[in-house]
Amino acid sequence: MSSHGNASTASDPRQPSAAEPFVQQSVAPQDPPVDYSGFIAVMFGVAGVMFRYKLCSWVAIIFFAQSLANMRNFETDLKQVSMALMNKLNG
Amino acid sequence: MENGPCYSLLHLLALLSLLSIFLSHLSRFHVLADSHFEGFDADGEDDDESLIHNTLPLRSSPLTQSDPDPEPTPDPTSQDPDANQYSEPPSRPSSSSDLPKPSSTSFEYWDEDEFEGLPVEQPPLETPKIPENATPDDPSSDPKTAPKPIAATSPKSYTVEIVCGSFLIVFAINYFTGKRENENIALAWAVKFASKDSIFDKNFSLLGVGDGDDSPLLLKEGQNVFKFHASGRRYCQGLLATMELKSRHDLISRMYNLVVPCSDEISFEVYMNDDAMDHLVFAVAKKKAAKWMQKEIRDLQRFANMVSPPSGRKWVAEELAVISESKEVAGDLITEVVLEQVFGEKAFEKFGKGFISIHFSDQQPGTHKKMLLFKFALPDANSMADMTRLVALVPYYIDLVGRYRLSTQARSKTEITRMKIAQEAHREEQNARQEALQRKKAERKKLLEEAESKLGAEAIKRKEAKERARQMKKSMPRVKMTRAH
């Protein structure tokens, strides 16, 4: 009870033998975290193309930028590039 | 890959958009080409003598315009042979930019004479290049007939582009500044608590997320999530600290956080050894959060209840609530040291601002059953020292829980409750399995019935066909009889 974290006195709490290396939890590819901003970007992009509304295309580009900013671990690159192309052509 | 259908959908969308754009471009060129034909057919009807000198540059200009067209071949066929001889030589050496200027004056004749349909496409394309034109016709016809190509030059329609472009620029700037800010906070924490001779260094032998001595301390999982791993201590297998900072890099989230408050959080997960933790379900949090936890979190819901402050001893500050299986356990885990340092009235006022919750349980859902969870709010990068006492709770409680053993009475109670719950869980599993089996049986029955009904339908069809054939036979002799008549 008395020795909590006192490295110098009797009990050093460290146990190098019990050390385990860090194992990164790999995200199961079946269930990636939902990319709301990417989804909204696609919706606006499609609406911008269908209705020829410039504002829609610009909003789509903005949300696409947000999804890029929130991207983790550089996943689904092709998806982002194709969305960028679509938006540039329309906006 | 996993996003197969999404990939195909997106590719389809991209292709559709490309197609639509190409079609629109093609349609524009189509209209241009058609107007040339109209103009040239009408040319042939006019007197060549009077108009030859004037028409020379004109006819050559449509040629130059038609050059970018995808359909150059019909043009020579529609032109008169005379005009061809005159028009072709000047068109070749001259560039497209030179020709429209000398032909500008002759366009007035064209506009006035007959070809009102023609100039729809041509003058709007050339008047932006030709500021010399002072005729009243062209400017009047331009806004009416062709607003679209000119609209790009008028200042009104640029507002959308300017606003969105500036937003994107600000977004980009904010991305880099926010990213740096988050990194600074994470590094400040690591410097204070995970570097040499810091609290974690004294408690754990292996720090960081890599192998060897020079392993990086923090793992960056996204611009606002950082992880820190430590291992090599008694009673526990390891510790994982996750810092979830505000999304400072994302301008839209930042604006959202102005409305909906958010704070930087750090959560510690300590994975206890199987032999180090007794039957414990215990939590401390602020009152509202405690109520929510007791309702939502599974093991707290099943095993533990809110504990009222016992009389006769010091207890946690008023703002906090304790959830535990039994008062005895709660009392044992909230020691005097802890009250003095963090949870007591006075201490909590000073040091407890960053405290969010702690949750110890040996019945966690998931792979690791025995875990201690600590959640604190992160202070500024400059005031990391405010957290020292909170962070000191972590190794203290690892030791405390590691050594703690329930008394026999408490143990028996906990064992009874756990047995019950284990039985219930077993029953639920059995029920689930039975339901699954029943569903499979029902599906098989449906398939069989459909097959039978199909067979039945075929039999019915045959019968119907036979009946029709009979009817036809019956009707046929009548027809013959009438024919005979």
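Colleague: What makes H9(B) roughly perpendicular to H11(B)?

Modeller: Helix H9 (residues 158-193) of chain B packs against H11(B) at an angle of about 80°, with the axes 9 Å apart. Angles of 65 to 115 degrees count as roughly perpendicular, under 35 as roughly parallel, over 145 as roughly antiparallel, and the rest as oblique. So H9(B) and H11(B) get the label roughly perpendicular. The axes are lines fitted to C-alpha atoms, for helices over the stretch in contact, and angles run from 0 to 180 degrees between N-to-C directions. Helices themselves are DSSP runs (H or I, at least four residues), strands too (E, at least two), all numbered from the N terminus.

Colleague: Which residues make that contact?

Modeller: On the H9(B) side they are Phe167(B), Val170(B), Phe171(B), Asn174(B) and Glu181(B), and on the H11(B) side Leu251(B), Ile252(B), Arg254(B) and Met255(B). Contact means heavy atoms within 4.5 Å.

Before we go on, this is a predicted model: local features need pLDDT of at least 70, side-chain atom pairs count only at pLDDT 80 or more, and totals for chains, interfaces and linings use all residues. Residues are numbered from 1 along each chain as its sequence is written, chains are lettered from A and ligands numbered from 1 in the order in which they are written, and side-chain values use heavy atoms, leaving out hydrogens and water.

Colleague: How do you know whether H2(A) is parallel or perpendicular to H9(B)?

Modeller: Helix H2 (residues 54-69) of chain A meets H9(B) at about 5°, with axes 10 Å apart. That angle makes H2(A) roughly parallel to H9(B). Among the residues in this contact are Trp58(A) and Ile62(A) of H2(A), and Phe167(B) and Phe171(B) of H9(B).

Colleague: Why do Arg254(B) and Glu181(B) count as a salt bridge?

Modeller: A salt bridge needs a side-chain nitrogen of Lys or Arg within 4 Å of a carboxyl oxygen of Asp or Glu. The side chains of Arg254(B) and Glu181(B) are 3.5 Å apart, N to O, and meet in one. Arg254(B) sits in helix H11 and Glu181(B) in helix H9 of chain B, so the pair ties together parts 73 residues apart in sequence.

Colleague: What about Arg439(B)?

Modeller: With a relative accessible area of 55%, Arg439(B) is exposed. The side chain of Arg439(B) forms a salt bridge with Glu435(B), 3.7 Å from N to O. The two are separated by about one helical turn, because they are 4 residues apart in helix H18 (residues 408-484) of chain B. Glu435(B) has 42% and is therefore partly exposed.

Colleague: Why is Thr335(B) called buried?

Modeller: Its relative accessible area is 12%, so Thr335(B) is buried. Thr335(B) sits in the loop between helix H14 (327-333) and helix H15 (336-343) of chain B. Leaving aside neighbours within four places in sequence, Thr335(B) is in contact with Tyr396(B) and Leu400(B).

How values were computed: Buried < 20%, exposed > 50% of the residue type's maximum accessible area, 1.4 Å probe, protein only.
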